[in-house]
Amino acid sequence: MKGIVHIRVDDRLIHGQVATRWVSHFNANRIMIIDDAVAANDIEKMMLRSAAPDGCNTSILARETAFNNISQGNYENQKVLILVKTPEIALQMLNSGLAVKQLNIGNMSNKDDRKQIKRSVSISDSELEIIRELLERGVSVTAQMTPEEPDTDISTFLKGM
């Protein structure tokens, strides 16, 4: 996937850590959010765009549009940081023929149907199965909150599940 520098699961999408640390860590010049609901919500898109750092373009796209744009090489000469809310999007990318090699899980909030596996990362049973499938298909899945923190293989946190 030419032009894609990192794929991150963070259910907060664009926020301080992304804007100040992740964008500069990868020298990204575009943040792409892949989320059908967010792409259809003009107010949420406006708020997310205002949180992006100056000089960093934003694309807030529905899955089909994003997958088509990536497969057509539309970001070839850019450095794109992709943000998604759940690992399911990464699996859908893989299933659509996109070469997902690595996925970083940064923040998945604790909710009723989720179990905490790491500070800032809680997963449901269905998300656990998706992560396992990604691992089985050769995707390197790591858990890392900030670039300064070690990118630990997610399997470390899944023991006993």
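Colleague: Which residues touch the most other members of the largest nonpolar core?

Modeller: This is a predicted model, so read what follows with that in mind. The largest nonpolar core has 35 residues, and Met32, Ile34, Ile70, Ile82, Met93 and Leu134 touch the most other members.

Colleague: And which helix gives the most to this core?

Modeller: That's α5, residues 87-95, with 5 residues.

Colleague: Take Leu134 from your list. What is it in contact with, leaving aside neighbours within four places in sequence?

Modeller: Pro87, Ala90, Leu91 and Leu94 are among its contacts, and so are Leu103, Val139 and Val141.

Colleague: What about a second core, how many residues are in that one?

Modeller: There are 15 residues in the second core, which is separate and includes Val38, Leu48, Cys56 and Ile60.

Colleague: Let's go to α6. What span should it have, and how far apart are its ends?

Modeller: Helix α6 has 12 residues (125-136) and should span 16 Å at 1.5 Å a residue. Its end C-alpha atoms are 17 Å apart, which agrees.

Colleague: Good. Which of its residues are buried?

Modeller: Glu127, Leu128, Ile130, Ile131 and Leu134 are buried in α6. They cover an arc of only 160° around the axis, so they lie on the same side of α6.

Colleague: What covers them?

Modeller: The cover includes helices α5 and α7 (155-158), along with strands β5 (102-107), β7 (121-123) and β8 (140-143).

Colleague: What follows α6?

Modeller: Gly138 follows α6, and its phi is positive, near 90°.

Colleague: Now α4, please. Which residues are buried there?

Modeller: In α4 the buried residues are Ala66, Phe67, Asn69 and Ile70. Their arc around the axis is only 165°, which puts them on the same side of α4. Glu64 and Ser71, on the other side of α4, are exposed.

Colleague: And what do the buried ones pack against?

Modeller: They pack against strands β1, β2 (30-34), β3 (57-61) and β4 (80-84), and against helix α5. Just after α4, Gly73 takes a positive phi of about 75°.

Colleague: What does Gln17 touch, not counting residues up to four places away in sequence?

Modeller: Gln17 touches Arg8 and Arg12, plus Trp22, Met145 and Thr146.

Colleague: Where do Trp22 and Phe26 lie?

Modeller: Both are in helix α1, 4 residues apart, about one turn of the helix. An α-helix has 3.6 residues a turn, so residues three or four places apart point the same way.

Colleague: Which residues have a positive phi although they are not glycines?

Modeller: Leu13 is one of them, with a positive phi of about 60°. Ser120 has a positive phi as well, of about 80°.

Colleague: Where are they, and are they buried or exposed?

Modeller: Leu13 is in the loop between β1 (4-10) and α1, and Leu13 is buried at a relative accessible area of 2%. Ser120 is in the loop between β6 (115-118) and β7, and Ser120 is buried with a relative accessible area of 15%.

Colleague: Last one: what feature does UniProt place on the chain?

Modeller: The UniProt entry, which is unreviewed, places "domain: PTS EIIB type-4" at residues 1-161. Over residues 1-161 the chain is 37% helix and 25% strand, with the end C-alpha atoms 32 Å apart.

Notes
Residues are numbered from 1 along each chain as its sequence is written. This is a predicted model: local features need pLDDT of at least 70, side-chain atom pairs count only at pLDDT 80 or more; totals for chains, interfaces and linings use all residues. Side-chain values use heavy atoms; hydrogens and water are left out. A nonpolar core is a set of buried Ala, Val, Leu, Ile, Met, Phe, Trp, Tyr and Cys residues joined through side-chain atoms within 4.5 Å. Buried means under 20% relative accessible area, exposed over 50%, partly exposed in between (1.4 Å probe, protein chains only). Helices (H or I, at least four residues) and strands (E, at least two) are DSSP runs, numbered from the N terminus. Contact means heavy atoms within 4.5 Å. The expected span of a helix is 1.5 Å times one less than its number of residues. The arc is that of the directions from the helix axis to the C-beta atoms. UniProt positions are given in the numbering used here, feature names are shortened, and annotations may be inferred rather than shown by experiment.
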